[in-house]
Amino acid sequence: MSVVRWAREDELPALAEVERAADGLFAQVGIVFPPGTTMIEECDDPGRVLVEGQGFAMISMVDGNVHLDQLAVHPDSMRQGIGGRLMAAVYDHALAVGAGGVTLTTFRDVPWNAPWYVRHGFAPMAEPGPELRAIVQHERELGLEIAPRIVMYRPVV
């Protein structure tokens, strides 16, 4: 079994295929993403990316919290616990850096999105901070609000 670790710079380009493959699963629930680059293709800092096998979690700091920008696992590697281990590593990182919690935005009604995050300790966030509100607005401008979205939060305790 592989272990969660920080990405190397030379790994970032190959992670785009993982993200595209994972995004392709949304078609089965009627969600097709607008054309453009993947989130990982826009990342140039491997210090923001945790990897394990065919999965990754890309993070940033938003409003004093660790923000999960993207979590993707290649469909060929799903249901092996990679997503859960990546999520645990993101939480551990938030604890290590003294963040108040972990935030994310996701599709509210997709079974492997909001309901999955609820199982991992997240709840809807009533009052996002100003940086997170700007992210939500940016997602709308990119056309990602093609199905109901939700902002979620898990406190670091």
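Student: In this predicted model, the charged end of which residue sits over the ring of Y91?

Tutor: A charge sits over a ring when CZ of Arg is within 6 Å of the ring centre and within 35 degrees of the ring normal. Over the ring of Y91, the charged end lies 3.8 Å from the centre. The residue is R154.

Student: Over which ring does the charged end of R149 sit?

Tutor: The charged end of R149 is 4.5 Å from the centre of the ring in question.

Student: How many aromatic pairs does the structure hold?

Tutor: Ring centres must lie within 6.5 Å to pair. The count for the structure is four.

Student: Are the rings of W116 and Y117 stacked or edge-to-face?

Tutor: Their centres are 5.0 Å apart. Their planes stand at 85°. Planes over 60 degrees apart count as edge-to-face. So the pair W116 and Y117 is edge-to-face.

Student: Is W116 buried or exposed?

Tutor: Buried means under 20% relative accessible area. W116 has 18%, so W116 is buried.

Student: What about Y117, buried or exposed?

Tutor: The cut-off for buried is again under 20%. Y117 has 7% relative accessibility, so Y117 is buried.

Student: Where is H67 found?

Tutor: H67 touches residues including M58, T103 and L132. H67 is buried, with a relative accessible area of 1%. Its element spans residues 65–73 and is strand β4.

Key:
Residues numbered from 1 in each chain as written. Predicted model: local features only at pLDDT ≥ 70, side-chain atom pairs only at ≥ 80, totals over all residues. Heavy atoms only, no water. Helix = DSSP H or I, 4+ residues; strand = E, 2+ residues; numbered from the N terminus. Buried < 20%, exposed > 50% of the residue type's maximum accessible area, 1.4 Å probe, protein only. Contact = heavy atoms within 4.5 Å. Phe/Tyr/Trp six-rings, centres within 6.5 Å; stacked < 30°, edge-to-face > 60°. Lists of a residue's contacts leave out its neighbours within four places in sequence.
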